[in-house]
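Thanks for coming, everyone. Please keep the sequence in view as we go.

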Amino acid sequence: MIEVYRLLTRWWTAFALAASLALLGAAHAFEEFMGLAPCNLCLKQREVYWGAVAIAGAATLWHLFSRGSRGTPRIAAFLLGAVFFTGFITALFHAGGEAKWWALPAICSGGGGDINLENLTSLALGTGPVQTVVMCDTVVWRFLGLSMAGWNTLIMAALTVFSLLAAKRPKDARAPKSDKPDGKGAAASV
């Protein structure tokens, strides 16, 4: 179990990159193959994953080019924790709005959007595509009693916790021990 923890925390940015890309792929697959159009808050949650992809991708590249001698930068793990926590708050807000615990903003209930003369003209003439408004407070898919926003809340919470664990990993997980007999050759902490 300790070895799994060390591996996970040492390569956390690569795991976070893979998880973020997988979740983005799943969201796009739900949209493309199941016809579940995203609402405004769903798109905001995707933006969080794209931010995590940028941070985790850069930190993973750094880790690979430095040959992993010091592990992934702890600051990257902390930044990922902050990004995933932002996503957690957004997903929790969305899930709470779906559960009618609080009211969502007007933009989430069709009260806002991109309305201009060109769009109205194309809609009236039947030449433009009809865009359906997806309400954020409507649950269109559930699995084991949780909506997508509910599952995303749990996933973001787990990613936040793992990111913070990786940022505060023990010194022996950050750098390999020295082969020198005096022990003074150990790599400095990140």
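Start with Glu31. Its relative accessibility is 32%, so Glu31 counts as partly exposed. The cut-offs: buried means under 20% relative accessible area, exposed means over 50%, and partly exposed is in between, with a 1.4 Å probe and protein chains only. Which residue does the side chain of Glu31 meet in a salt bridge? Arg46, at 2.9 Å, N to O. A salt bridge here is a side-chain nitrogen of Lys or Arg within 4 Å of a carboxyl oxygen of Asp or Glu. The pair links distant parts of the chain, with Glu31 in helix H2 (residues 12-34) and Arg46 in helix H3 (residues 40-65), 15 residues apart. Arg46 has 11% relative accessibility, so Arg46 counts as buried. The structure holds 1 salt bridge, and that is the count.

A word on the source. This is a predicted model: local features need pLDDT of at least 70, side-chain atom pairs count only at pLDDT 80 or more, and totals for chains, interfaces and linings use all residues. Residues are numbered from 1 along each chain as its sequence is written, and side-chain values use heavy atoms, with hydrogens and water left out.

Now the overall layout. The protein has 7 helices and 2 strands. Helices (H or I, at least four residues) and strands (E, at least two) are DSSP runs, numbered from the N terminus. Along the sequence, the pattern reads α-α-α-α-α-β-β-α-α. The protein has 190 residues, and 33% of them are buried. Take contacts between residues at least 6 apart in sequence: 80% of these join residues at least 24 apart. Contact means heavy atoms within 4.5 Å.

Next, helix H3. It has 26 residues and reaches 38 Å from its first C-alpha to its last, close to the 38 Å expected at 1.5 Å a residue. That expected span is 1.5 Å times one less than the number of residues in the helix. The buried residues of H3 include Leu41, Val48, Tyr49, Ala52 and His63.

What does H3 do beside H4? The axes of H3 and H4 come within 9 Å and cross at roughly 170°. H3 is therefore roughly antiparallel to H4. On the terms: axes are lines fitted to C-alpha atoms, for helices over the stretch in contact, and angles run from 0 to 180 degrees between N-to-C directions. Under 35 degrees counts as roughly parallel, over 145 as roughly antiparallel, 65 to 115 as roughly perpendicular, and the rest as oblique.

Look at Ile55 in this pairing. Ile55 sits in helix H3. At 22% relative accessibility, Ile55 counts as partly exposed. Beyond its neighbours within four places in sequence, Ile55 contacts Ala76, Leu79, Leu80 and Val83.

On to H4 itself. H4 has 25 residues and reaches 36 Å from first C-alpha to last, close to the 36 Å expected at 1.5 Å a residue. Just after H4, Lys100 takes a positive phi of about 65°.

H4 also packs with H2. H2 and helix H4 (residues 74-98) pack at an angle of about 30°, with their axes 10 Å apart. So H2 is roughly parallel to H4. On the H2 side the contact is made by Trp12, Thr13, Ala16 and Ser20, and on the H4 side by Ala76, Ala77, Leu80 and Phe84. Is Trp12 buried or exposed? Trp12 is buried, with a relative accessible area of 4%. The C-alpha atoms of Trp12 and Leu80 are separated by 9.6 Å, and the two are 68 residues apart along the chain.

Last, H6. Helix H6 (residues 148-167) has 20 residues. H4 and H6 pack at an angle of about 160°, with their axes 7 Å apart. H4 is therefore roughly antiparallel to H6. Phe88 lies in H4. Leaving aside neighbours within four places in sequence, Phe88 is in contact with Thr153, Met156 and Ala157. Phe88 and Asn152 are 64 residues apart along the chain, yet their C-alpha atoms are separated by 7.5 Å. Among the buried residues of H6 are Asn152, Thr153 and Met156.

That's the tour. Over to you.
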